[in-house]
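Dear colleague,

Please find below the structure that I am handing over to you, with its sequence. My notes on what was found in it follow directly after.

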Amino acid sequence: MSDEPTVNEGPDGGEQAAEARNVKVAPAGDGRLKVTVCAGTACVFAGSLAVHDAFVEEVKAAGLDDRVDVAIIGCHGLCSQGPVAVCSDDTFYGRLKPENVKKVVEEHLRDGVPVEKLMYKDPATGEVVRDWHEIGFYKQQTRIALRNVGVIDPESIEECLARGGYEAARLALTEKTPEWVVQCVTDSGIRGRGGAGFSTGTKWSLAAQSPGDEKYLICNGDEGDPGAFMDASIMEGDPHAVLEGMIIASYAIGAHEGYIYVRAEYPNAVKRLTKAIADAEERGLLGDDIFGAGWRFRVHLKLGAGAFVCGEETALIASIEGFRGMPRTRPPYPAVSGLWGKPTNINNVETLANIPWIVAHGAEAYASYGIDKCRGTKAFSLAGKIVNGGLAEVPMGSTLRHLIFNVGGGVKDGREFKAVQLGGPSGGCLPASLLETTIDYESLAATGAIVGSGGMVVVDDQTCMVDLARFFLDFTQKESCGKCVPCRLGTKRMLEILDRIRAGDGREGDIQTLEELAHYIADGTLCALGGTAPNPVLTTIKYFREEYEAHINERRCPAGRCKALITYYIDPEACTGCTLCAKKCPTGVIAGERKQPHVIDVTNCIKCDTCRQVCKFGAVKVRSGIQTPAAVGGEA
Amino acid sequence: MLGMFKAMRTTLRHLPMKKITVQYPEERPRLPERSRGLFRVVIDPASGEPRCRACTLCETNCPVQVIRVNYTSKYQLTAPNVARVATRRVEVQPGIDLKKLQPVLDDYHEHGTGLIAVLQNAQAVYGYLPRAALQEVSLQTGVSLSQIYGVSSFYNQFRLSPIGKRLIDVCHGTACHVAGAQQITEALEEELGVADGKTTKDMEFTLGSVACMGACSQAPVMRIGDQTYGNLTPDKTRKVIRDLMEQVGAKKG
């Protein structure tokens, strides 16, 4: 993060700003202030740990360490503003750099005047918002699964207990029967948040009814979808919610051993879960006699080893047993014969994180959110070309438009909305015309997409849909376990066709072949990976057929992304001859005198896109569909 | 005459017995719904030994998982074989210190961690999974080497060849892809002179890609060792890697 010009700077000396500057914020409660720095993955990538260290240092330097605490929190949600820091008076600072911290400490924490220059600025109105509750992104959300994520220090069980953590588990274990718990979960109408949307209550009652004393409970934290990070954020931000959900689930179904299966690619989640389990064991919240109710339950952590297919429940079980993670036929379902051949219940991280809230607030409170058969809320990770990228939880039944434009703030850089990709490699791409679709399992399935785990990637007009479909298919092709032939070979053949189309060698009938293969794959595979693998291709063909046709018939990539079909040229009108592109060009194919328009030698251009990205005047352009590009650059 | 009586006797003897032939294809035997016949191990006529080498491939690939290969009883390594493995171990990978593996295996014996955890810990010791280590795991756990190989080649995390001192992971999640992760990888390929997934000759850098790191809002991102980089452009990437190469004195290729 060496040269990162992403601080909220710029002219903001208006009246509102002056007003905000005069606001004095009183320290909360006992006069102590607390600064929490987000240590979610995205913020860490943006350098939040250095910001945290800077806060600790500056607070000490300013002599405030007796009345200011500095702590870390899990993902606060608004990842695109990372690194984020939030003060206990609700002031929100975004895009902090270690060198800005001194200003915050001295002006805000010492003198009580918030630094308005570093606060969040609404991209639409330009208004500065101090209190994070007032930021549109947060205001539009309903946080149930994420209730403590970004609020508590995930490594401190005290903070969790202070916020009412483990109270629901205590209630269930000491006052209620397992049947009551199952009934409560069934009545709440919550469905599996991992993607399939199977009723959690039904699943639990099946597992509870299975005969045998030895049962297992597995928490599925193998969140493999590229572009999805809700489960990671929950495990990193509020690991105790997952543990509490597991305790309640174990009581309901009668399991004494639990496993949390986490991707090894989430080292932070692993670290914090390990600490949470140890803390809970120390306090008797896990162990042989939980809450003195005589309930015995232990949790073990299992690390995945990087296989997407292990998110499928039977593959996950095989992986825990130490085999290749390959799915098997069902029935028998894991509820009857799962881990080590014993009845096993598998729930997703987010599902389990919802359970304590449901038990504490009652099934009706949860069921009051949502529509029809989909009750409650769902967390989504908003990513891609979106203004407010991050973690958002909205009630089921909200429209896509609400989530993308009201919560997400619309498309970045003022570009045009083209499509939204839902549900990762198993999901589909929906165009602007379907933005009014409500988010629930049935409505989305009707469009060809799925709710899936909740990954939502927004793409703008610069993204080629053929390329996007190819990206997902390439992923599923690599991650196919190889057991079912249609999945193993069919995806390979589809990939070859898409590669051909992208290379400009598309043939008449390729689209039909793709559709045909897609149906064979969907029908002829055991697990959901194969069954849904063709979805990205099918939906892009359905909604963006003209793009496929442009590639095949006109040898043109409308979005200007497919390398074989594009050429770069410099617009002589816009070029000021600043020589920046020529300096940055790794192959040295840009020629031109200072203050004279430059020209790209297209025969040796490797199309690395560097020149277009460094040009400050937008003079480097991409042209597609013109076969004689020499004439385009021109000897201007 | 005598022959005819003999034949008649056979016929009469079989007459009251239950018929075992059926009029195929009009009549078909009633087999269990999913029966596909019985398995049989083919014996090699030349040596008299079974041809099956207990590679467990059929076990792995059977869609209904009805095959269990039980190799331990029959193919347990005898003493001379252990010696052969030892010599071969030295031949194959002379530089591998197996003593470092012992704590991992002790942990396995003590706590019963699964095979995957053993392999993960072994990889943490060596940086990759050397063949000698896999053989040692096989000897001490009783899991066949072919099965261990099957598991270690299935999961992306396991590496069967050594990697460079610094592992460069470029994120290729959806958000990063849309933001141009491919261009980042290409820039790195150019600067390092190696293809994606390969290691530079001086063993300084290994260029790799991962599916998603969950830092989508900072896309495109990459990780070099413990250091993370967000909001990359090809140009910025080149600068980072050039600085790093200069720092360690690495050469291209």
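Strands S3(A) and S4(A) run antiparallel and are joined by two bridges. Across this pairing, Ala85(A) stands opposite Tyr93(A), which lies in S4(A). Please bear in mind that this is a predicted model.

The other pairings of this sheet involve S1(A). With S3(A), which covers residues 85-87, S1(A) pairs in the antiparallel sense over three bridges. With S2(A), residues 68-73, S1(A) pairs in the parallel sense over six bridges. Within S2(A), Asp69(A) is the bridge partner of Lys34(A). In general, strands of a sheet pair through backbone hydrogen bonds, in either the parallel or the antiparallel sense.

Taken together, these strands form an open sheet of four, in the order S2-S1-S3-S4 of chain A, with mixed pairing. S2 and S4 (92-93) of chain A stand at the edges and have a single partner strand each, so one side of each is left without a neighbour in the sheet. How many of the six residues of S1(A) are buried? Five of the six residues of this strand, which spans 33-38, are buried, so S1(A) is largely enclosed by the rest of the structure.

I turn next to a pair of helices in chain A. Two packed helices are described by the angle between their axes and the distance between the axes. For H10(A) (residues 230-237) and H12(A) (residues 267-282), the angle is about 35° and the axes are 8 Å apart. The crossing of H10(A) with H12(A) is left-handed. On the H10(A) side, Ala232(A), Met235(A) and Glu236(A) take part, and they meet Asn268(A), Ala269(A), Arg272(A) and Leu273(A) of H12(A). By class, this contact has four nonpolar, one polar and two charged residues.

Lastly, there is the contact between the two chains, to which chain A brings 55 residues and chain B brings 44 residues. On the side of chain A that touches chain B, the elements giving two or more residues include helix H2 (41-45), helix H13 (313-320), strand S14 (377-384) and helix H18 (465-479) of chain A. Which element gives the most to this side? H2(A) does, with four residues. By class, the side of chain A that touches chain B has 26 nonpolar, 20 polar and nine charged residues.

Yours sincerely

How values were computed:
Residues numbered from 1 in each chain as written. Chains lettered and ligands numbered in written order. Predicted model: local features only at pLDDT ≥ 70, side-chain atom pairs only at ≥ 80, totals over all residues. Buried ≥ 20, exposed ≤ 12 C-beta atoms within 10 Å, placed from the backbone. Pairing = 2+ DSSP bridges. Axes fitted to C-alpha atoms, helices over the stretch in contact; angles between N-to-C directions. Left-handed = near helix turned anticlockwise from the far one by under 90°. Contact = placed C-beta atoms within 7 Å. Nonpolar A, V, L, I, M, F, W, Y, C, P; charged D, E, K, R; others polar.
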